[in-house]
Amino acid sequence: MPICLRDCFPKRPRRLTLAVATLMLGACAARQPAEPPPAPEPEPVVTAPYDPAVLADLLVAEVAAQRDALDVSLGYYVETARSHNSPAVTGQAAQLAAYMQDAPLALEMAERWLTQEPGNRTAHEIAAIAQIVMENPTAAAAHIDQLLADDPQTGLIRLVTQAEGLDQQGNTQLLAALAQLTDRYPDQAPLWYARALHLQMEGDLANAFQANEKALKLNRKHEDAQLLKARLLFEMDDHSAALRQLRRMVRKAPDARRPRVLYIRLLLEDGREEEAITQLQALSERFPEDQDLRFSLALYGLQRGAVDSARQTLEALLDEGYRPDQIHLYLAQADEMLGDDDAAIEHYLAVQEGDNALAAQLQAAQLYERQGNIPAMRALLATLREHHPVQLPELYAAEAELLGRSDPEAALALLDEALHELPEHTELLYARALLAERLDRLDQTEADLRRILTLRPDDPETLNALGYTLADRTDRFDEAYRYIRRALSLQPDNPAIIDSMGWVLYRLGQYQEALAHLQRAYDMFPDAEVAAHLGEVLWALGRQDEARAVWQEAEAQQPGSRHLRAVRDRLEGGR
């Protein structure tokens, strides 16, 4: 018995984008069959005499398929299809290759199938989708042309059904293929709509608008083309016309969701928050049971700055018991935007389940620190360490970072405690090394960095940190140079390491070589610390005006930088 792919195999999750899916809707709108045609009965695989070895291969292929060993089944079918002129076997091979998402093999089998059965619609469908996946929209268009030749509407419906497994890139290629066929089939509104979508993606808004108008001329009820018209008008900066278009659609079909949703989004994008809120309330009243819709619109409102109205919707959803952890998370973020840290902390702490629970608790700890409530911060993080032992190193590091802002000595003591428990954790060693450097405990910094290098001898970040510390805080310049040179050999395009090389060369008195490295680092990464180094070398070379220009440029980007302030106080006398 042959394998019937459409009936016997579970379908993969649908990933068809809305833009392409609506092509099928547009085609269906023109002609709705009363009942779909019944699925054809599977044809017997054996249509020609086979020797016993081939029959055995086909039997193995069928058994493998029934046991979900599809790669094994595909191999036997392809081998038989290549050696025998059987359309049934070749068709099974093509369909199975398409199902397995092996586009080159699906294309080979489909083209072979077409030599055996010219005009086979399924073979053209498989070949078209395979060419699309392989990013050959022009070649795909040739097969699509064959599908549309006899019955364009049915051909489009079948094609879009076959395209269910395409990703975003595949859908873009499908639109590109369909867009090429408007001259051949000028009376097909879905093709003009596809052309409009493709041109919109290409950024050709004027021609996209013209193509969409042709789709609407052919089918005035094409809702997706009506919505696209509004979006195109908005993108072409004719906001008034876009909103008028949607206002008419909403008045004409007050119970239609999509026009009102787009209307709300464009009102928000246009800064007309009060009108958007009115429409959102109307939508909620018409569809009070659609919590997903209300939730999506509330999140969109948050993104567009309509915090108060979004918050009201989220609170109502929370009262209804809808997605409490997600709602608490978004309410916390809304409260932060409004500057209400106490309310934000309350909501962050209420997030107890899901992927965001730990991150929400950590954000609450950060807000405690921002408020100066260090005991509450430390108590919360101690609880998190107890309940999340797998994340123990990260939680220690997070607490040390927060604590170090106000009490670096306490942070250092915490890292001592962490490393007593986790003595070879390199991230904790690195964190302690940096904190010890801030506290002028260079012996501790050097010891921790060297310990990391015994565990990870070729770690470029640690080699750079040790070399830079020696260059900046000691007179062991030759030793510093060796560490930085090793780091740079491992990551030759890392601007932080290039900056360190420039700095150690400056400390060694090699000003011109230092300047070349520091200029390159600053071009790659215009950071205030790099600017401080570059300006100091320019100053040493007698190019004070250039040095000041570099510092002023960096100060404009990072006002208040301690690195810039320190170098200017030292070289300019506080000017």
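Residues are numbered from 1 along each chain as its sequence is written, and side-chain values use heavy atoms, leaving out hydrogens and water.

**Exercise 1. Find out how confident the predictor is along the chain.**

Step 1: recall that pLDDT is the predictor's confidence in each residue, from 0 to 100. Step 2: take the average, which is 81 for the protein chain, with 82% of the residues scoring at least 70. Where pLDDT is low, the predicted coordinates should not be read in detail.

**Exercise 2. Describe the surroundings of Thr313.**

Step 1: Step 2: judge its accessibility. Buried means under 20% relative accessible area, exposed over 50%, and partly exposed in between (1.4 Å probe, protein chains only). Thr313 has 13% relative accessibility, so it counts as buried. Step 3: list its contacts (heavy atoms within 4.5 Å). Setting aside residues up to four places away in sequence, Thr313 touches Leu280, Arg294 and Ala298.

**Exercise 3. Work out how Phe295, Tyr322 and Tyr330 are arranged.**

Step 1: learn the rule. Rings of Phe, Tyr and Trp (its six-membered ring) pair if their centres lie within 6.5 Å; planes under 30 degrees apart count as stacked, over 60 as edge-to-face and the rest as tilted. Step 2: a search of the whole structure finds 5 aromatic pairs. One of them joins Phe295 and Tyr322, edge-to-face, at 5.5 Å centre to centre with 65° between the planes. This pair links distant parts of the chain, 27 residues apart: Phe295 is in helix α17 (residues 291-303) and Tyr322 in the loop between α18 and α19 (324-337). Step 3: turn to Phe295 and Tyr330, whose ring centres are 5.8 Å apart and whose planes meet at 65°, so this pair is edge-to-face. Because Phe295 lies in helix α17 and Tyr330 in helix α19, the pair ties together parts 35 residues apart in sequence. Phe295 is buried at 5% relative accessibility, Tyr322 is buried at 8%, and Tyr330 is partly exposed at 23%. Together, Phe295, Tyr322 and Tyr330 form one aromatic cluster.

**Exercise 4. Check the length of helix α23 and find its packing partners.**

Step 1: the expected span of a helix is 1.5 Å times one less than its number of residues. Step 2: helix α23 (residues 392-404) has 13 residues and should span 18 Å; its end C-alpha atoms are 18 Å apart, which agrees. Step 3: pick out buried residues of α23, including Leu392, Tyr396 and Leu403. The buried residues of α23 pack against α21 (357-371), α22 (374-387), α24 (408-421) and α25 (426-438).

**Exercise 5. Place Gln491 in the chain.**

Step 1: Gln491 sits in the loop between α28 (477-490) and α29 (495-507). Step 2: with a relative accessible area of 33%, Gln491 is partly exposed. Step 3: leaving aside neighbours within four places in sequence, Gln491 is in contact with Pro460 and Ile497.

Notes
This is a predicted model: local features need pLDDT of at least 70, side-chain atom pairs count only at pLDDT 80 or more; totals for chains, interfaces and linings use all residues. Helices (H or I, at least four residues) and strands (E, at least two) are DSSP runs, numbered from the N terminus.
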